[in-house]
Amino acid sequence: MNQPLAGRTVVVAGSTSAAGAAVIRMLTQAGARVAAVDISEDGVQELTRAHENVVGYVCDLADPEAVQRLATAIRFDLGPADGLIHLVGGWRGGGGIQEQTDEDWEFLHTSVFTTLRNTTRAFYEDLATSPAGRLAIVSAQAASSPTADGAAYAAAKSAAEAWTLAVADGFRLHQEAGCSLPNKQSPAAVVFVVKALVDDRMRAAQPERKFTGFTDVTVLAEAVERIFGMDAADISGQRLSLTSGRLLGVPAGVLSVG
Ligand SMILES: NC(=O)c1ccc[n+]([C@@H]2O[C@H](COP(=O)([O-])OP(=O)(O)OC[C@H]3O[C@@H](n4cnc5c(N)ncnc54)[C@H](OP(=O)(O)O)[C@@H]3O)[C@@H](O)[C@H]2O)c1
């Protein structure tokens, strides 16, 4: 059986939330070595205790120098990165346009965008030259349907989407410079789109709530696994919706993979 993740090194940036735990479980089950990176030391330790193939790294991904040191350490410990799954998030907002505060913007810009910019720059060469290079972020429907209450959040997510699609273009140029056509081994950068995420703990805390339109973290984890087996030509530079409970936005033939 084809196992595109077997022996690959995948960096999960912002790894200790329910989404991170689900993604890491899926990646390790598929045979990947995972670098679990987070600002929370306790969370990272918990992940490394729970999985054999996970090495934990505590890093403030908003600090560009710390991220460069992190990339060097991961290359030394696990080899060059084949995947970067960026899961750092956070939400601030409410109160309409005039109430979108500088503090909230600073938080969102740093957490949503700067951490993505830092990590993609530090791992770009690894991903572009890997036989399975994959970058994925999780954006929100709010980026393309912004509300006044969530203006700063939508703007930060839009910036993250634009940066990710630009990375996809960088990968395409890199591929063309090597005179090869896109194939399964080409690097790819994708934007997953959700309305919101849900996990078992949230469901248990509010058993009466339906969480309509939410994406379970296990669906996100499956989508992350699947992009490693998909042709870059089918997915790179695309916004792939996960709002229906499965991966949408890729050609029908591709949906049957996995
Ligand atoms: N949750 C949703 O409903 C939803 C909706 C749309 C999109 N998304 C996106 O989906 C992804 C996962 O969502 P999530 O709610 O699981 O994310 P999250 O909890 O906001 O962030 C994931 C992890 O990143 C850590 N982190 C924050 N700042 C960091 C930094 N500077 N350096 C290193 N780690 C840092 C967080 O630690 P702390 O907990 O200590 O901050 C957390 O453990 C995010 O990109 C998010 O924007 C989520």
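Author: A polar contact is a pair of N or O atoms within 3.5 Å. Here an oxygen atom of the ligand lies 3.4 Å from a polar backbone atom of Gly-89. The model is predicted, so to speak with limits: local features need pLDDT of at least 70, side-chain atom pairs count only at pLDDT 80 or more, and totals for chains, interfaces and linings use all residues. Residues are numbered from 1 along each chain as its sequence is written, and side-chain values use heavy atoms, without hydrogens and water.

Reader: Which atom of Asp-38 lies 2.8 Å from an oxygen atom of the ligand?

Author: A polar side-chain atom of Asp-38 does. For Ile-39, a backbone N or O atom is 3.2 Å from a ligand nitrogen atom.

Reader: Which residues around the ligand come nearest?

Author: A residue is near a molecule if one of its heavy atoms lies within 4 Å of it. Of the 24 residues around the ligand, Thr-16, Ser-17, Asp-38, Lys-157 and Leu-197 come nearest. Strand 5 gives the largest share of the shell, three residues; strands are DSSP runs of E, at least two residues, and helices runs of H or I, at least four, numbered from the N terminus.

Reader: How is a pair of aromatic rings described?

Author: By the distance of the centres and the angle of the planes. Rings of Phe, Tyr and Trp (its six-membered ring) pair if their centres lie within 6.5 Å; planes under 30 degrees apart are stacked, over 60 edge-to-face, the rest tilted. The count here is four aromatic pairs. Trp-91 and Tyr-153 have ring centres 6.3 Å apart and planes at 50 degrees, so this pair is tilted.

Methods. A polar contact is a pair of N or O atoms within 3.5 Å; within protein, one must be able to donate a hydrogen and the other to accept it, and residues adjacent in sequence count only if both atoms are side-chain atoms.
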